[in-house]
Amino acid sequence: MPKAFTNHEKEIIRKKLIEVAEDSLRHYGVKKTTVDELVKGANISKGTFYLFFDSKEILFFELFRLRHDSIQNNFLEKISNLKDNLNADVITNVLFDLYKQLEDSFLFSFITSGDFELVMRKVPESMLEDHNSRDDLSMEKLFSMMPNLDSKQVKVHSAALRLVLVSILHKKEIGEESFDDALKLSIRGIIIQMMKEENND
């Protein structure tokens, strides 16, 4: 039976597992990474691994969520610093930079390689719903910085921005030469729609 760990030990083990998972994704991908390799890298037993995560897919999803939230929080911080000068162009540029930051991170290859889809298939629906709810809450924070917007549309706008993000998966089909311009145009369209709702109120 695995030993009991202090909160400090749990924090160290969880952090190490996240680090090992990220390194494994960069070099091997989801399919070629086993729980045995993860526990070896983290220097823990298999039993200990399952105290923290029910499967390697849930660990990889947790890694995705942490990195996603970090990028998203960075975006909200930038918006907060600019809140006195917010307009459609400013928000579009900050969001575009966020998407480019994502594209330059390991998350991009994680998504485009098909690994993300593999993980999503094996993650409980409740975890996916929780992740989407977090996105909606972040959108609410954005709305709170833009007075008079219709809060009833938070989920729709959040979904629209996720839809734009998913377009990265189809960069080749869309056309790599014009993708960045099309991405910015799509983001701006969503933001303008949000701003129009403000004007219509």
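1. Ground rules. Residues are numbered from 1 along each chain as its sequence is written, and side-chain values use heavy atoms, with hydrogens and water left out. As the model is predicted, local features need pLDDT of at least 70 and side-chain atom pairs count only at pLDDT 80 or more, while totals for chains, interfaces and linings use all residues.

2. The largest pocket. It holds about 400 Å³ of space. A pocket here is an open set of points on a 1 Å grid over the protein atoms alone, where a 1.4 Å probe fits, with protein on both sides within 12 Å along at least five of seven lines. Points are joined across faces, edges and corners, and the volume is the space filled by probe spheres set on them. There are 15 lining residues (an atom within 4 Å of a point), and Phe116, Met120, Arg162, Leu165 and Val166 are the closest to the centre.

3. Who supplies the lining. Two or more residues each come from helix H4 (56-81), helix H7 (115-122), helix H8 (125-144) and helix H9 (154-166); helices are DSSP runs (H or I, at least four residues) numbered from the N terminus. H8 gives the most, with four residues. By class, the lining has eight nonpolar, four polar and three charged residues. Nonpolar covers Ala, Val, Leu, Ile, Met, Phe, Trp, Tyr, Cys and Pro, charged covers Asp, Glu, Lys and Arg, and the others, Gly among them, are polar.

4. Helix H7. Asp115, Phe116, Leu118 and Val119 are buried in H7 (under 20% relative accessible area, 1.4 Å probe, protein chains only). Seen down the axis, the buried residues of H7 fall within an arc of 160°, so they line one face of the helix; the arc is taken from the directions from the axis to the C-beta atoms. Their cover includes helix H1 (7-27), H4 and helix H6 (106-112), with contact meaning heavy atoms within 4.5 Å.

5. Aromatic pairs. The count comes to seven, where rings of Phe, Tyr and Trp (its six-membered ring) pair if their centres lie within 6.5 Å, and planes under 30 degrees apart are stacked, over 60 edge-to-face and the rest tilted. Phe49 and Phe53 have ring centres 6.1 Å apart and planes at 45°, so that pair is tilted. Both Phe49 and Phe53 are buried.

6. Phe64 counts as buried because its relative accessibility is 6%, and Phe110 does so at 3%. Phe61, Phe64, Phe110 and Phe116 form one aromatic cluster.

Methods. Buried means under 20% relative accessible area, exposed over 50%, partly exposed in between (1.4 Å probe, protein chains only).
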